[in-house]
Amino acid sequence: MIKGELVHLLRKAGERAKTTGALPDLDINDIPIECPSNPAYGDYASSLPLKLARAARLNPLSIAKILADHLPRAELVGKLEVAPPGFLNFTLSDAWLAKQVDVILEAGPDYGRIGLGRGAKIQIEFGSANPTGPLTAAFGRGGTLGDVLGNILTKAGYRVTREYYVNDAGSRMDAFNNSIYARYLQQLGQTAQMPTDGYYGHYMIDLAKEIVAEYGHSFQPLPPEQAAAELGKIAMTKILNSARSDLAALGINYDVWFSEQSLFERSLVDKTLEMLRERGYLEEREGAIWFASTAMGEDKDNVLVRSTGIPTYFATDIAYHYDKFVERGFEWVIDIWGADHQGHVPRMKAAIAALGIPEEKLRIIIHQMVTLRRGAEIVRMSKRSGDLITLGEVLDEVGADACRFFFLSRSADSQMDFDLDLAKTQSAENPVYYVQYAHARIASILRYAGERDLSDADLRLLRKEPELLLIKKMLLLPELVETIAQQLEPHLLPYYAQDLATVFHAFYKQCRVVSKDQALSKARLKLVRAAKIVLANTLNLMGIHAPDHM
C-alpha cells in the first residue's frame, strides 16, 4: 500500500539523518501520512517534521528539509516538496502509476486483499432480533452493517464468524407464547384474553391462522401452559424461517444461529455467575442478586437474578460473551446493536472486565434509527397489514442492492432517512444506480472493443490527467480496506464507490478508449479492464451486484 511505502521511506530517511548527525537520536514512530484535500499539496503529505520538532529541538521546516535530503530514491515518488510550516508533500510518479494497472489486473478478484488480520479469529454478532415477530425494515441497517464489516474484515485477513443470537428464553418468550395461544384459541372461535404485555401485531393473527390450518384443534385439549409452550415453539420456528428467507433475499448468511436457551442447557449462566461471585462482583440484597457495577466505575449496580430467581437479560448476555471469548476463543468480538441498547454498553464492558477479559477485545457499534420516506412523506404504516413495515416489504419494493447501499450510506451513529422512491429511480440521482451504471458502462466498452490481445500494451502512454486520476483512485482500495477494518466504519465504502464511479465517468467523457490510435487504445483498454476489477471488488465488498447490462 502507498501509505505503508511512504512510511517506510520516511523511517529510512530518519535513520539516515540520525546516522549522519543531521538529526539527534530520537524515536521516529507512528509516522502520519494523509491524502490532502487540495491536489496542489500533492497526492500524499506528512506532518512528521511538526511532530518531531519539540524532541529534536529544531525548526519543523528544517527537519522537513533534512528528511527530504535523506529520503531514499523510490520509483513511486515523482516529486517531493517541502512546505511551510513543516510538511512533506509527495506526488506520485506518472510512470509508476501506469505500471499499477498491471498490478491490479494480475491481482484480479484479490485486489484489495491485505494481511492486516493475520488469520486472527473474530466474531461479529449482529441482527439478533427477538424471534417474536418478522424482521422490520430497521433491521436491515444493522444486518447490512454487520455483513459488510464481515466482508471487509475477511478481505483484511481475519477469520470471521457471523452470528445471530436468538433470544429464545426469558419473559419475552413467555409473553410471545401466551399471545400465540390466545390468538390460536380465537381462531377456533373461543374467547381468549390477550396478555397485557403480549404481541398485538397483525402477524400474530396470520401465524395463528397458519397453525390452525396445519394442526387444527390439536392443542385445544392440552393444559394451557403446555399448549402455549408448544404453540410458541411452532410460531417461533415459522418466524425464524421467515427471517432466514428475508436475510437470504438481502444477501446475508450467518455462520451460526446461537440459541440463548442453550446457555441454560449448558449451565453457562450459573457458571458465569459463580465466577463473578468468586471475584467479589456479586451482592445479594432485596432478595435479588446484583452485579456490583459501581466497583467497575459504573454509576449504579445492575440486577442479574430477580427476586423470583429468574435471570435477567444482562445475566444471559454476560454468559453469552463468556462463551464467545473463553469457550470458543474469539480474539476479538464485535457487537452491533440498535440505539435502544445504548445504555447496555458500559455495563457490558464492565462485566467483561470483571471476568478478566481485556475490555478492548469487545467492540460495540450502536446504529441509530431508520426513517422510511417517499420523497418528503414519512412512511409509518405497512400497506399489507396496517402496522409495522417489514424488511420483506422493503426488499420487494426496492430490491436488495438498493437496500444494502442505502442502509450502508450513513455512519452508524447518524440517523438515516431511506427514500424508497429515490432507491427505485434509474438515474444518476440514485447512488446505487450511478455506481452500477459505471460498471455496466465498462462492460459495454469491453464488449465493443471485442477480444483483443493487450499483452503488448504500452502503459507509459497513460499520461493524461483523467487517466492518472482514475489509477490513483483505484489504488486507494487496499488502504480503504485497512481503514475500515481498523475503524469499523463501513459507510466509507459507498462513499468510495461513488467517488470511483465519478472519476471513471469523467475519464470516459474526456478520453476516447477505442480510437484509430491502436497503441493508445490498447493502453486505455487495459486501464478500463483494471477499473472494472476495482469497481466489481468494491461492489462485492458491499454485497451488491456488479451488472454488465443495465
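I began with Arg-118, which I found in the loop between helix H4 (94-107) and strand S4 (121-126), helices (H or I, at least four residues) and strands (E, at least two) being DSSP runs numbered from the N terminus. The model is predicted, so that local features need pLDDT of at least 70 and side-chain atom pairs count only at pLDDT 80 or more, while totals for chains, interfaces and linings use all residues. Residues are numbered from 1 along each chain as its sequence is written, and side-chain values use heavy atoms, with hydrogens and water left out.

I read phi of Arg-118 as near 50°, a positive value in a residue other than glycine. At 78% relative accessibility, Arg-118 counts as exposed (over 50% relative accessible area, with buried under 20% and partly exposed in between; 1.4 Å probe, protein chains only).

I then looked up Leu-488, whose phi is near 55°, again positive in a residue other than glycine. Leu-488 sits in the loop between helix H18 (477-487) and helix H19 (492-510), and with a relative accessible area of 8% Leu-488 is buried.

I noted a cis peptide bond from Pro-84 to Pro-85, with omega near 0°; Pro-85 lies in the loop between strand S2 (77-83) and strand S3 (87-92). Most peptide bonds are trans.
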